[in-house]
Amino acid sequence: MSEIKVSVIMPVYNTGEYLKTAVESILSQSLREFELILVDDGSTDGSSELCDEYARLDGRVIVLHQKNGGICNARNAALRIAKGKYIAFSDHDDEYMPGLLEKSYKRAKETNADVVKFCKKVYVTNDGVLVKERSNHLDDVVWGRKEIKENYFRLFDDLKIDCVWDSLFKHSLFTDNDIYFDEFYKCGGEDYDLTARYLTAVNTLVMMSDVFYIHYVREGISTSSKFNPYNYKHNIYLNKRIFECAKALGVDIEGNRDYVNFFLT
């Protein structure tokens, strides 16, 4: 490829039967000028070999093998070698919907966006049976720093920016501001933390009403569905980070006292 428009980053760890669906939903995208970086994070179930097979079959697939270091470490390893103008993420058991890369990339170029957010559909399953589903809603808007400052706490409260895999990021947003995933986080919260930090550097945030990503919550399997006492430390650390970044961005603290009190509690 003469130009890599998007680097798609996918950490892989013992994903079993779901990896094939996740990878092929990306490889079948209508936008073709991308690289898919699979970070094998110490898999022991055959996922490692499947990653290598995809790399053998498709020159756009790059595989990194490493000892298990967690999702933040895996994403950071991929960010350091990514060549795309833009960065996208995927979990190893989710799905890209048709048009995700092409349409979000087109919108990013039209608006010179630092970040493009699109909608997601969440399926909650138990033993393979669908328990419930939900979707979020975003209006088609283009925000500058003024709107980001005015809506900073509301963005977190409305869960409009609670993850990274429903987004397309300008690569330079990470490299120019030395922004990487904080490897303190071991069981969730890392996406919020990254968001708080990148919002201090974003000039243009774009939202799209299109639903482009399917996220699966498999009860009893997903890390986020399990109790972990370490979450308490995560929450304290995260709330302070969100507040610190609000101050750095110049958010009206007094005008958002209810939100501030929540995040400092």
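Predicted model: local features only at pLDDT ≥ 70, side-chain atom pairs only at ≥ 80, totals over all residues.
Helix α5 spans residues 145-157 and contains 13 residues. From its first C-alpha to its last, α5 reaches 18 Å, close to the 18 Å expected at 1.5 Å a residue. N151 is itself one of the buried residues of α5, together with I148, Y152, F153, L155 and F156.

Two packed helices are described by the angle between their axes and the distance between the axes. For α5 and helix α8, which covers residues 231-249, the angle is about 165 degrees and the axes are 11 Å apart. Angles over 145 degrees count as roughly antiparallel, so α5 is roughly antiparallel to α8. Their crossing is left-handed. On the α5 side, the contact involves R145, I148, K149, Y152, F153 and F156, which meet I242, C245, A246 and L249 of α8. Among these contact residues, I148, Y152, F153 and F156 also belong to the buried set of α5.

A196 lies in helix α7, residues 190-198. A196 has a relative accessible area of 0%; since values under 20% count as buried, A196 is classed as buried. Leaving aside residues up to four places away in sequence, A196 touches Y152, F156, R241, I242 and C245. Of these, Y152 and F156 are in α5, and I242 and C245 are in α8, where they take part in the contact of the two helices. The C-alpha atom of A196 is separated by 35 Å from that of L50, a residue 146 places away along the chain.

L50 belongs to another helix contact, that of α1 with α2. The axes of α1 (residues 18-27) and α2 (residues 47-57) come within 11 Å and cross at roughly 20 degrees. This angle makes α1 roughly parallel to α2, and the crossing is right-handed. The contact is formed by L19, K20, V23, E24 and L27 of α1 with S47, L50, C51 and Y54 of α2.

Two loop residues were also examined for backbone geometry. N112 is not a glycine, yet its phi is positive, at about 55 degrees. N112 sits in the loop between α4 (100-111) and β6 (115-126) and is partly exposed, with a relative accessible area of 49%. D127, also not a glycine, has a positive phi of about 55 degrees. The loop that holds D127 runs between β6 and β7 (129-135). With a relative accessible area of 77%, D127 is exposed.

Terms used: Residues numbered from 1 in each chain as written. Heavy atoms only, no water. Helix = DSSP H or I, 4+ residues; strand = E, 2+ residues; numbered from the N terminus. Expected span 1.5 Å × (residues − 1). Buried < 20%, exposed > 50% of the residue type's maximum accessible area, 1.4 Å probe, protein only. Axes fitted to C-alpha atoms, helices over the stretch in contact; angles between N-to-C directions. Parallel < 35°, antiparallel > 145°, perpendicular 65-115°, else oblique. Left-handed = near helix turned anticlockwise from the far one by under 90°. Contact = heavy atoms within 4.5 Å.
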